[in-house]
Amino acid sequence: MDDGQLNIRHDVERRILRACCTIRALPDRDKRFFKIQSCWPEFVRDVEEAYGYDVARVRRFCPSPADISDCLTALAWARVLHKREWKLIWWRSFGISFRHIGIKLGRSDETARRRYKEAILAVWGEAMRTQNPLNPFAWSPGPTTPCKSVANVANGARSMAR
């Protein structure tokens, strides 16, 4: 692999990991229906909580609008992955080391690293396959998408109305 393709592969890896972070950061509006709520006031459960003890909070990832639109492109590339390959990428997006991923898989860290690399190469291959020459890494939905036909009908209707 030459340096240009290696840089593109690293860019694809960065984008798919950033898409995973974006998916986690987006709010889930339906989650509120699964929450059990009570009318009773909150009470102190522990001595540490009674005297101002609080768990340190880490700043959440806040995706930009560009991250959200790029997320769809990266997830379209990831459609070629099997569930176990997707799990490797998902775990890696949390920053979990290959050693801990290997423990979860019941394999060595080298095997986890190799399988992760194979998954990234599969995503990279899909990105290269769907690449648009005018805009590299732009996702093209394909010829059977109903959005194109609706847009063409709408454009035709506007031209007929004039």
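Reader: Where is isoleucine 23, and why is isoleucine 23 called partly exposed?

Author: This is a predicted model. Isoleucine 23 sits in helix α1, residues 3-25. Its relative accessibility is 37%. Buried means under 20% and exposed means over 50%. The value lies in between, so isoleucine 23 is partly exposed.

Reader: Which residues make the nonpolar surface patch?

Author: Ile23, Leu26 and Ile68 make the patch, which covers about 210 Å².

Reader: How do you know that the span of helix α3 agrees with its number of residues?

Author: Helix α3 runs over residues 65-77, 13 residues.

Reader: Which residues of α3 are buried?

Author: Asp67, Asp70, Cys71, Thr73, Ala74, Ala76 and Trp77 are.

Reader: What makes tryptophan 86 and tryptophan 90 an aromatic pair, and why is the pair called tilted?

Author: A search of the whole structure finds 3 aromatic pairs. In the pair of tryptophan 86 and tryptophan 90, the centres are 6.2 Å apart. Pairing needs centres within 6.5 Å, so the two rings pair. The planes are 35° apart. Stacked is under 30 degrees and edge-to-face is over 60, so this pair is tilted. Both residues lie in helix α4, 4 residues apart, about one turn of the helix. Ring pairs also link Trp86, Trp90 and Phe94 into a cluster.

Reader: Why does tryptophan 86 count as partly exposed rather than buried?

Author: Its relative accessibility is 24%. Buried needs under 20%, so tryptophan 86 is partly exposed.

Key
Residues are numbered from 1 along each chain as its sequence is written. This is a predicted model: local features need pLDDT of at least 70, side-chain atom pairs count only at pLDDT 80 or more; totals for chains, interfaces and linings use all residues. Side-chain values use heavy atoms; hydrogens and water are left out. Helices (H or I, at least four residues) and strands (E, at least two) are DSSP runs, numbered from the N terminus. The expected span of a helix is 1.5 Å times one less than its number of residues. Buried means under 20% relative accessible area, exposed over 50%, partly exposed in between (1.4 Å probe, protein chains only). Patches are made of residues with over 30% relative accessible area and no salt bridge: like charges are joined within 9 Å, nonpolar side chains (Val, Leu, Ile, Met, Phe, Trp, Tyr) within 5 Å. Accessible areas come from the Shrake-Rupley method with a 1.4 Å probe; for residues, only the protein chains shown count as cover. A salt bridge is a side-chain nitrogen of Lys or Arg within 4 Å of a carboxyl oxygen of Asp or Glu. Rings of Phe, Tyr and Trp (its six-membered ring) pair if their centres lie within 6.5 Å; planes under 30 degrees apart count as stacked, over 60 as edge-to-face and the rest as tilted.
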